[in-house]
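Thanks for coming. Please look at the sequence and the model on the screen, and I will go through them piece by piece.

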Amino acid sequence: MDESTHQNPKRIKDSSERRWEDLPVNCLVAIFSRLGLDDMTLSIPFVCKFWHEASLDPTCWKVLDFRVNNPSPGSSFGERFKHEYHVNNYTFRGFLKFVANRSHRLATKMILPVGRLPISDMAYICKECPMLKITWQPECDSNFIRKFILMLHETMLRSNR
């Protein structure tokens, strides 16, 4: 037995065994960037320290796809998020802040199911992530939607003064 095997009995296993820690971070980031928000927030960061650190790369957060999970308060996603991150009050705006911070404000695409979201939350994410294009399913013109949301929000702010 060589000295390194003698010192650590766990090394007796097959030397061809690969560990996630041996994988270059950019490979993990490439994989993670294809996952949905539910996996990126509720699964990946809790696997191990190495995966958590890789999940913090802004590239993983460029596309914010809300079609799969329902991030509204009271949803199963919202309840799991509260539990995993030990927060007392979960709001959609708070979740938008979370993903904007994780993306380092570099998110480029947000995909939403057809539905109603508060215009103030939409304006918030547009301001936080200036390169963000918003699309709904079915597809709409994302530049038009972004401009409309910001214009409507400014109009609402002025009328409330």
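I start with a definition: a residue is buried if its relative accessible area is under 20%, exposed if over 50%, and partly exposed in between, using a 1.4 Å probe and protein chains only. What you see is a predicted model, so local features need pLDDT of at least 70 and side-chain atom pairs count only at pLDDT 80 or more, while totals for chains, interfaces and linings use all residues. Residues are numbered from 1 along each chain as its sequence is written, and side-chain values use heavy atoms, with hydrogens and water left out.

Now the outline. There are eight helices and three strands in the protein. Helices (H or I, at least four residues) and strands (E, at least two) are DSSP runs, numbered from the N terminus. Along the sequence the order is α-α-α-α-β-α-α-β-α-β-α. The protein has 161 residues, and 34% of them count as buried. Its accessible surface, by the Shrake-Rupley method with a 1.4 Å probe, is about 10,300 Å², and carbon and sulfur atoms hold 55% of that.

Next, contacts, meaning heavy atoms within 4.5 Å. If we take the contacts between residues at least 6 apart in sequence, 59% of them join residues at least 24 apart.

Which residues of helix α2 are buried? In α2, residues 25–32, they are Leu28, Val29 and Phe32. They sit on the same side of α2, because they cover an arc of only 100 degrees around the axis; the arc is that of the directions from the helix axis to the C-beta atoms. The buried residues of α2 pack against α3 (37–42) and α4 (49–55).

On to a helix pair. Two packed helices are described by the angle between their axes and the distance between the axes. For α5 (residues 76–85) and α6 (residues 92–102), the angle is about 60 degrees and the axes are 12 Å apart. Axes here are lines fitted to C-alpha atoms, for helices over the stretch in contact, and angles run from 0 to 180 degrees between N-to-C directions. The contact is made by Phe77, Phe81 and Tyr85 of α5 with Phe95, Phe98 and Arg102 of α6. Five of these residues are nonpolar, none is polar and one is charged. In this scheme Ala, Val, Leu, Ile, Met, Phe, Trp, Tyr, Cys and Pro count as nonpolar, Asp, Glu, Lys and Arg as charged, and the others, Gly among them, as polar.

Two aspartates come next. Is aspartate 121 buried or exposed? Aspartate 121 belongs to helix α7 (residues 119–128) and is buried, because its relative accessible area is 8%. Leaving out residues up to four places away in sequence, aspartate 121 touches Phe92, Arg93 and Leu96. Apart from neighbours within four places in sequence, aspartate 65 is in contact with Leu37 and Ile111.

Last, the backbone. Most residues other than glycine have a negative phi, and most peptide bonds are trans. Histidine 104 has a positive phi, near 55 degrees, and arginine 105 has one of about 65 degrees. Histidine 104 lies in the loop between α6 and β2 (109–113), and arginine 105 is found in the loop between α6 and β2 as well. Histidine 104 is partly exposed at 49% relative accessibility, and arginine 105 is partly exposed at 33%.
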